[in-house]
Structure formats: structure tokens, C-alpha cells
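Biologist: I'd like to get to know this protein by asking about it bit by bit. Can you walk me through the charged pairs and a few of the tucked-away residues?

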Amino acid sequence: MITPVVLIMASSSLILSTSQRLSRSIARARDVSDAIKELLAQADQAGNSAELHVHIQQLEFASRRARLLQAAMTSLYVTLFFFVASCISIAVVYFVSSRYAWFPIVLDLLGVGGLCYASILLVKESSVALSAVHSEMQHTMQQFERHRQRQRRHSYPFWFWRTRD
């Protein structure tokens with residue numbers, strides 16, 4: 001009876017943290033969507049294309065993360081159901097007949113399988129989140145390098161370029 005209760009607590013904790021991750025992912029998707037709308041409104045500016053491409057890519061990452069997190073949440077809720085059903089079935093089997101002692105074990109195994117599946121989805125989501133951050137940081141570093149090169153070109157004094165007569 002103790003094992004399913006511990007697994008119920010673990011599943012509940014994962015549900016809570018996954019829910020927070022999902023809400024952050026949705027907020028990120030909304031922020032990126034707003035940024036895309038701003039870029040599209042300023043479509044006539046030069047250099048907007050690269051920025052728009054990066055934002056579209058970030059929106060795709062956020063969307064993929066949200067889908068993975070939603071699937072993980074579904075799996076965790078189903079897992080929670082199996083663990084609660086296992087606790088109830090242990091009590092029922094105790095009072096009815098020990099001939100059905102296998103039934104709570106099957107429910108626990110289904111719950112553990114759901115927990116494993118949710119964990120795999122959460123690992124995939126973490127990988128997508130890391131890819132999104134890497135992509136965004138790579139774009140930011142490219143912008144920084146372009147800015148630094150422009151600064152170098154304009155930082156030499158005028159007399160440096162003049163030739164002596």
C-alpha cells in the first residue's frame with residue numbers, strides 16, 4: 001500500500017513542475033508571436049528577414065515544447081489514475097479475495113509504464129528547450145559579431161586613412 005502512495009506523490013510533483021514548464025512554454029510562444037507581428041509590421045526595414053527567420057524558428061521550438069509537455073501531462077494524469085486505482089484495488093482485494101492479488105500489481109505496472117513514458121517525453125522536451133536556447137544564443141552571437149565588425153570599421157580616426165603627401 002505504501003509504494004503506490006509514494007508513486008502518487010512523485011507523479012503529483014511531476015505534474016506540478018510539468019504544468020509550470022507548460023505555462024512558461026506557452027508564454028514564450030506568445031512573446032515570440034508578438035515579436036513576429038512587430039517584425040511583420042516593420043517589413044520595409046533592411047535586415048528584418050534574418051530576425052524574422054529566427055523568431056519563426058523560436059515559435060516552432062515553443063510549439064513543439066508545448067505539444068511534448070501536453071503529452072507528458074496527459075501521461076502523468078493517466079499514471080496518477082493507475083496508482084490511485086492500485087491503492088483502491090489493494091483494499092478491495094484484501095476484503096474480497098486474495099485470488100485477485102495480481103490485479104493491483106498490473107495497475108502499478110501500468111502506472112510505472114506511464115511514468116517512464118512521461119519521463120521520456122520530458123527528456124525530449126528538455127532537449128528541444130536546449131536546442132531553442134542554443135539557436136537563439138547563436139543568432140545573438142552572430143549579431144554581436146556583426147555589430148563589433150561595424151564598430152571596428154568606424155572606430156579608426158579619420159587621419160588613419162589619409163595618405164601622406
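Modeller: What follows is a short chat about a predicted model.

Biologist: Which residue forms a salt bridge with glutamate 136?

Modeller: The closest N and O atoms of this pair are 2.8 Å apart. The two partners sit 108 residues apart, with glutamate 136 in helix H3 and the other one in helix H1. At 27% relative accessibility, glutamate 136 is partly exposed. Its partner is arginine 28.

Biologist: And what else does arginine 28 touch, leaving aside neighbours within four places in sequence?

Modeller: Arginine 28 lies in helix H1, which covers residues 2-41. Besides Glu136, arginine 28 is in contact with Gln58 and Ala62.

Biologist: Is glutamate 125 buried or exposed?

Modeller: Glutamate 125 sits in helix H3, residues 102-155. Setting aside residues up to four places away in sequence, glutamate 125 touches Arg21, Arg65, Leu68 and Leu69. The cut-off for buried is under 20% relative accessible area. Glutamate 125 has 1%, so it counts as buried.

Biologist: Which residues are linked with glutamate 125 in a network of salt bridges?

Modeller: One link is the salt bridge between arginine 65 and glutamate 125, whose closest N and O atoms are 2.6 Å apart. Arginine 65 is in helix H2 and glutamate 125 in helix H3, so this pair ties together parts 60 residues apart in sequence. Arginine 65 is buried too, at 17% relative accessibility. The residues networked with Glu125 are Arg21 and Arg65.

Biologist: Glutamate 145 forms a salt bridge with arginine 148. What separates them along the helix?

Modeller: The closest N and O atoms of glutamate 145 and arginine 148 are 3.6 Å apart. Glutamate 145 is partly exposed at 29%, and arginine 148 is partly exposed at 32%. They are 3 residues apart in helix H3, so the separation is about one helical turn.

Biologist: Last one! How many disulfides does the structure hold?

Modeller: A disulfide is a covalent bond between the sulfur atoms of two cysteines. Cysteine 87 is buried, at 11%, while cysteine 116 is partly exposed, at 45%. The number of disulfides is 0.

Conventions
Residues are numbered from 1 along each chain as its sequence is written. This is a predicted model: local features need pLDDT of at least 70, side-chain atom pairs count only at pLDDT 80 or more; totals for chains, interfaces and linings use all residues. Side-chain values use heavy atoms; hydrogens and water are left out. Helices (H or I, at least four residues) and strands (E, at least two) are DSSP runs, numbered from the N terminus. Buried means under 20% relative accessible area, exposed over 50%, partly exposed in between (1.4 Å probe, protein chains only). Contact means heavy atoms within 4.5 Å. A disulfide is a pair of cysteine sulfur atoms within 2.5 Å. A salt bridge is a side-chain nitrogen of Lys or Arg within 4 Å of a carboxyl oxygen of Asp or Glu.
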